[in-house]
Amino acid sequence: MNAAFSALSNLVAAQSSVVVAAIFAAMAVAAVAAVAWPVLRAREKTPPARAVLTAAVGLFVVGLAGGAYLMLGSPGLAVRALAAPGAGDVPGLIADLSRRMRDRPSDLTGWTLLGRGYLTLNDPAQAAIAFRQASMLAAAGQKPELLSSYGEALTLAAGTVTPEAEAAFQEALAGSPNDFAARYYLGGAYADRHEVARARALWASLLADAPPNAPWRGDVTDRLAALAKQSGTAPNINAMVEGLATRLKTRPDDLSGWERLVRAYAVLGKRTDARRALTNARAAFAGNPEKLAALETEARSLGLER
């Protein structure tokens, strides 16, 4: 995003420099004309003399005004007033991009950048508008992430998961079942409606997917504990993990499931079980170098190398 903003800033800056130069030139011509006109009309001078005198007066006025302004004025301020926002001026760049999108309604990248920019400026209502446009333009593979961002922006703007946000999260999960934001916020919507089982399932899956050092692990754990208190029963995390292990015996081609299982065992401190699951996963994908590489990456992140 910074590179895009920098390119946009450079383009507008170049255009603005031309405008500034034109304005200053027009002001100089007007000043010279105002002073030289009486000289040109003087009848006591010959035409060549009047011409020479006029040129001299004009140069004197421009030099005097320019020197005085450089010494006493703020020429940089005048240029900055008309120049494009710099690369570090995020509000200015977002405002400029917003204006440009009126002429580029089919620019998926532009709408996506605009949505992220508005979130950076803590303006989720405008971010939601941009993400909605982007999600309508996106191809099938890009749509879930943009729908999730759209739902999150709506939720942040309203302070709660609105029906429209919930629909966006549901559609996002239909295309990408492991989307983090959709599972997190939908779990909150279910918890608010006392749909404990649905909320627990989503948040438990998030916890199983969470890296050991994820900063949001504590928040999800606290939410699960609150659900347990609300329902009067404690969630059996071990049973959930074993249920996943059982499911993988019948669906061994589920890479994300194996990754969740290995991670869950590691988080629970069952490193022997984690290594056993990793061995089973490697056997399931013995002929798939890409998936084996993904498993090795997961193993390294958990300290479970061979």
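Q: How many helices and strands does the chain have?
A: The chain has 15 helices and 0 strands. Helices (H or I, at least four residues) and strands (E, at least two) are DSSP runs, numbered from the N terminus.

Q: What should I know about the source?
A: This is a predicted model, where local features need pLDDT of at least 70 and side-chain atom pairs count only at pLDDT 80 or more, while totals for chains, interfaces and linings use all residues. Residues are numbered from 1 along each chain as its sequence is written, and side-chain values use heavy atoms, with hydrogens and water left out.

Q: What percentage of the residues in the chain is buried?
A: Of the 306 residues in the chain, 37% are buried. Buried means under 20% relative accessible area, exposed over 50%, and partly exposed in between (1.4 Å probe, protein chains only).

Q: And among contacts between residues at least 6 apart, what share join residues at least 24 apart?
A: That share is 48%, for contacts in the chain between residues at least 6 apart in sequence. Contact means heavy atoms within 4.5 Å.

Q: Which residues of the largest nonpolar core touch the most other members?
A: Leu114, Phe169, Trp203 and Leu227 do, in a core of 40 residues. A nonpolar core is a set of buried Ala, Val, Leu, Ile, Met, Phe, Trp, Tyr and Cys residues joined through side-chain atoms within 4.5 Å.

Q: Which helices supply at least two residues each?
A: Helix 4 (90-101), helix 5 (108-120), helix 6 (124-137), helix 7 (143-158), helix 8 (163-175), helix 9 (180-192), helix 10 (196-209) and helix 11 (217-231).

Q: Which residues is tryptophan 203 in contact with, leaving aside neighbours within four places in sequence?
A: Tryptophan 203 is in contact with Arg183, Tyr184, Gly187, Gly188, Ala191, Val220, Arg223, Leu224 and Leu227, with those neighbours set aside.

Q: What does the second, separate core include?
A: Ala245, Leu248, Leu261 and Ala266 are among the 21 residues of that second core.

Q: Back to Arg183. Where does it lie?
A: Arginine 183 lies in helix 9.

Q: Buried or exposed?
A: Arginine 183 counts as buried because its relative accessibility is 2%. Its side chain makes a polar contact with the side chain of serine 205, at 3.0 Å. A polar contact is a pair of N or O atoms within 3.5 Å; within protein, one must be able to donate a hydrogen and the other to accept it, and residues adjacent in sequence count only if both atoms are side-chain atoms. Beyond neighbours within four places in sequence, the contacts of arginine 183 include Leu173, Pro177, Asn178 and Asp209.

Q: Now helix packing. At what angle do helix 10 and helix 13 cross?
A: The axes of helix 10 and helix 13 (residues 255-267) cross at roughly 75° and come within 7 Å. That makes helix 10 roughly perpendicular to helix 13. Axes are lines fitted to C-alpha atoms, for helices over the stretch in contact, with angles from 0 to 180 degrees between N-to-C directions. Under 35 degrees counts as roughly parallel, over 145 as roughly antiparallel, 65 to 115 as roughly perpendicular and the rest as oblique.

Q: Which residues meet there?
A: From helix 10, Ser205, Ala208 and Asp209 meet Arg260, Arg263 and Ala264 of helix 13.

Q: What about the phi of asparagine 122?
A: Asparagine 122 has a positive phi of about 60° although it is not a glycine. Most residues other than glycine have a negative phi. Asparagine 122 lies in the loop between helix 5 and helix 6 and is exposed, at 67% relative accessibility.

Q: And histidine 194, where is its place?
A: Histidine 194 is in the loop between helix 9 and helix 10. Histidine 194 has a positive phi of about 60°, and its relative accessible area of 58% makes it exposed.
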